[in-house]
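I opened the model today to look up a few contacts. My notes follow.

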Amino acid sequence: MGRFKPDDFGYDFASTEEETVSLVLDKTKNEGSDKKTQTKDGAADATRIKSPPTTAAAASGDVATSGAYKLYEEQSQKETDGDYKYQPAKFYRGGESFVVSDDALGGMSVNGLECLGAICCCFTAALVTAGGIIIAYEQYKGELSLFVGVILLVLAAGTCLCSCCALCIGSSTDGFDLGSGSGDSKADPNHREVKVRLRRLNDRYEKGCMKAEDTLGRVRLDVVGHIKEVKEAASKEAKEKKESEKKNREELEKRVKKDIEAGIPVKTIRQKYRPVTFYVEFHGDPFVSKLELLRKQVSLVVNLGRPGHDQCVVAITSPGGGVSQYGLAASQLVRIRKAGIQLIVCVDSIAASGGYMMASVADKICAAPFAVVGSIGVVTHIPNVQRFLNEHKIDAYLMTAGNYKRTIDVIGEVTEEGKAKLTEQLDDIHIAFKDHVALSRPKLREKIEEVGTGEHWLAVQAKEKGLVD
């Protein structure tokens with residue numbers, strides 16, 4: 001460990017066994033694991049509930065303790081009364097997309113001016129129709145009716161003009177909502193609100209699998225379907241499946257009734273029997289341009305997830321970038337752990353340097369065998385054209401106040417003192433980086449100097465060194 005402590009980074013989340021252990025455990029590991037952890041402000045104790053396995057592939061099991069690398073490690077779980085979970089029958093339940101924006105209008109943003117334009121168009125059509133009818137009918141009745149018809153046509157033309165203007169203005173002011181107070185910030189005209197969509201991924205995959213299974217059943221030649229024993233066995237299997245689903249529902253009803261009698265809120269009951277795995281994808285660039293989106297996604301997880309019960313899986317793809325930007329992105333992920341929600345990071349191709357800075361704060365890191373991870377180091381490169389300017393007799397002035405305001409610059413003279421100071425600054429950042437990783441992953445505290453050399457490894461090698469799980 002270096003100079004920094006957990007309080008310096010704000011890493012004061014509880015490091016309990018229940019928060020860091022895999023959710024796929026046998027009975028002997030789960031006995032007595034229910035604990036109460038005190039929240040930061042000491043307001044209340046949150047009872048952690050053992051979470052059943054979820055459908056996310058990232059949460060697939062315990063870490064292998066043997067030295068040999070296992071690509072596919074089978075996991076098993078013994079069903080006990082304490083590990084009860086309700087698994088509903090698989091069928092497609094409809095749309096996947098539930099929230100597109102922060103309003104409750106089916107995922108569509110309402111523009112007040114566009115609505116006004118649509119109303120004016122309808123009113124225009126009514127006036128044109130009425131005026132035409134009156135003129136046609138009263139053509140031979142007298143001057144008064146003809147005058148009224150002309151007035152209506154004039155009003156129709158004016159209304160049509162207003163509607164066209166409203167539609168044009170409304171289209172150019174996307175996101176403007178009359179009287180709602182939402183939309184983009186007026187204080188910062190360059191700020192655009194980020195909207196997040198929630199989708200139930202299970203339905204998407206179940207729908208695809210069921211359709212594929214039905215199609216394959218029609219394509220595959222059924223050479224045994226006519227056999228009497230096969231028909232009887234298929235009928236028996238369908239009957240047993242229906243009885244099993246019925247028994248499962250009855251068991252769920254009994255448990256829910258007991259929970260209601262115990263005074264447990266309905267919202268908590270729903271969360272208890274159907275835990276959620278939030279899945280977030282993060283594609284990083286050198287300056288983390290999608291940081292605002294990540295912040296909003298984390299806020300949703302923190303506010304909607306149930307501590308000790310739900311999970312969050314973040315798929316990170318990033319070769320790194322700016323220290324401050326990735327430090328802030330890592331701090332966003334820390335919010336998930338501090339909220340008591342298990343955080344799992346998946347690395348498919350690369351999470352190096354700043355990408356690993358983010359990944360290291362997770363409870364568990366799952367990586368593809370040939371993914372690139374590590375690179376716990378700091379680098380900077382500054383071209384200097386001072387000698388070129390001198391050769392061509394070009395004067396370039398660099399004015400500073402403070403001895404180390406500029407150590408090495410593009411146009412300034414490079415001195416040994418400046419190079420030494422810049423190296424010192426890089427070393428300070430490197431120490432903070434290594435302490436960040438060591439505090440986030442306790443298993444690396446004793447060998448952080450060994451892995452914090454700036455090297456990167458394949459995940460199959462990094463697993464042996466403790467960089468991934």
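Is Asp 469 buried or exposed? I find Asp 469 buried, because its relative accessible area is 16%. Buried means under 20% relative accessible area, exposed over 50%, and partly exposed in between (1.4 Å probe, protein chains only).

**Ground rules.** I am working with a predicted model, where local features need pLDDT of at least 70, side-chain atom pairs count only at pLDDT 80 or more, and totals for chains, interfaces and linings use all residues. Residues are numbered from 1 along each chain as its sequence is written, and side-chain values use heavy atoms, leaving out hydrogens and water.

**Salt bridges.** I count a salt bridge when a side-chain nitrogen of Lys or Arg is within 4 Å of a carboxyl oxygen of Asp or Glu. The structure holds 10 of them.

I looked up the partner of Asp 469 and found Lys 443, at 2.8 Å, N to O. Lys 443 sits in the loop between helix H13 (416–440) and helix H14 (448–451), while Asp 469 is in the segment after helix H15 (459–465). Helices (H or I, at least four residues) and strands (E, at least two) are DSSP runs, numbered from the N terminus. Lys 443 is partly exposed, with a relative accessible area of 44%.

Next I checked Asp 363, which forms a salt bridge with Arg 337, with the closest N and O atoms 3.3 Å apart. Asp 363 is in the loop between helix H11 (354–359) and strand E9 (364–367) and Arg 337 is in helix H10, so the pair ties together parts 26 residues apart in sequence. Asp 363 is buried at 10% relative accessibility, and Arg 337 is buried at 5%.

**Helix H7.** H7 covers residues 228–261, and its 34 residues should span 50 Å at 1.5 Å a residue; the end C-alpha atoms are 50 Å apart, which agrees. The expected span is 1.5 Å times one less than the number of residues. I listed the buried residues of H7 as Leu 252, Arg 255 and Asp 259. They pack against helix H8 (266–273). Arg 255 also meets Glu 251 in a salt bridge at 3.0 Å, N to O. Both lie in H7, four residues apart, about one turn of the helix.

**Core.** A nonpolar core is a set of buried Ala, Val, Leu, Ile, Met, Phe, Trp, Tyr and Cys residues joined through side-chain atoms within 4.5 Å. The largest has 43 residues, and Leu 333 is among those with the most contacts inside it. Helix H10 (residues 323–338) gives the most to this core, with six residues.

Note on methods: Contact = heavy atoms within 4.5 Å.
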